[in-house]
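Have a look at it first, then read on.

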Amino acid sequence: MKDHYRLEKIAGIGDSYNDLPMLKVVDTAFTFKTSPQEIKKQVHYCVNDIAEAIALLEVEK
């Protein structure tokens, strides 16, 4: 997918078990602080909302 769209990095955010496959393949994975503990263990960041995730991505640049 990255090659097709010529992307350098892909981020994903999810809060449920069905999101795990996606969270495992993105470069930066987010979930919410209210997500199940098993989901939190699989991500890079736990955030309060999408705005916080975007702010963290801006810092990574």
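What follows goes from the sheet to its middle strand, then to a ring pair, a core and a few single residues.

## Before you start

This is a predicted model, where local features need pLDDT of at least 70, side-chain atom pairs count only at pLDDT 80 or more, and totals for chains, interfaces and linings use all residues. Residues are numbered from 1 along each chain as its sequence is written, and side-chain values use heavy atoms, with hydrogens and water left out.

## The sheet

Let's begin with the strands. Helices (H or I, at least four residues) and strands (E, at least two) are DSSP runs, numbered from the N terminus. Three strands make an open sheet here, in the order E1-E2-E3, with parallel pairing. At the edges sit strand E1 (11–13) and E3, each pairing on one side only. From one strand to the next, the twist averages 25°; the axes behind that angle are lines fitted to C-alpha atoms, for helices over the stretch in contact, and angles run from 0 to 180 degrees between N-to-C directions.

Two strands count as paired if DSSP finds at least two bridges between them. E1 and E2 run parallel and are joined by three bridges. Among the bridge partners, Gly-12 goes with Ala-29 in E2, and Ile-13 goes with Phe-30 in E2.

How many of E2's residues are buried? Five of its five are, and E2 is described as mostly covered. Buried means under 20% relative accessible area, exposed means over 50%, and partly exposed is in between (1.4 Å probe, protein chains only). Both faces of E2 are covered: one side has Thr-28, Phe-30 and Phe-32, the other has Ala-29 and Thr-31, and all are buried.

Contact means heavy atoms within 4.5 Å. Setting aside neighbours within four places in sequence, Thr-28 is in contact with a list of residues that includes Lys-9, Ile-10, His-44, Tyr-45, Leu-57 and Glu-60.

## A pair of rings

Search the whole structure and you find one aromatic pair. It is a stacked one, because the rings of Phe-30 and Tyr-45 have centres 5.3 Å apart and planes at 20°. The cut-offs work like this: rings of Phe, Tyr and Trp (its six-membered ring) pair if their centres lie within 6.5 Å, and planes under 30 degrees apart count as stacked, over 60 as edge-to-face and the rest as tilted.

Phe-30 lies in strand E2 and Tyr-45 in strand E3 (residues 45–47), so the pair ties together parts that are 15 residues apart in sequence. Are these two buried or exposed? Phe-30 is buried, at 2% relative accessible area, while Tyr-45 is partly exposed, at 28%.

## The nonpolar core

Which residues make up the largest nonpolar core? There are six: Leu-20, Leu-23, Val-26, Ala-29, Ile-39 and Val-43. A nonpolar core is a set of buried Ala, Val, Leu, Ile, Met, Phe, Trp, Tyr and Cys residues joined through side-chain atoms within 4.5 Å. Val-26 is also in contact with Ile-10, Ala-11 and Gly-12, leaving aside its neighbours within four places in sequence.

## Ser-35 in its loop

Ser-35 is in the loop between strand E2 (28–32) and helix H3 (37–40). It is buried, with a relative accessible area of 7%. Its side chain makes a polar contact with the side chain of Thr-31, at 2.6 Å. A polar contact is a pair of N or O atoms within 3.5 Å; within protein, one must be able to donate a hydrogen and the other to accept it, and residues adjacent in sequence count only if both atoms are side-chain atoms. Not counting residues up to four places away in sequence, Ser-35 touches Gly-14, Asp-15 and Lys-40.

## A few more stops

Asp-27 sits in the loop between helix H2 (20–25) and E2 and is partly exposed at 29% relative accessible area. Asp-27 and Lys-9 are 18 residues apart in sequence, with 6.0 Å between their C-alpha atoms.

Val-25 is in helix H2 and counts as exposed at 67% relative accessibility. Ala-55, in helix H4 (residues 50–60), is partly exposed at 40%.
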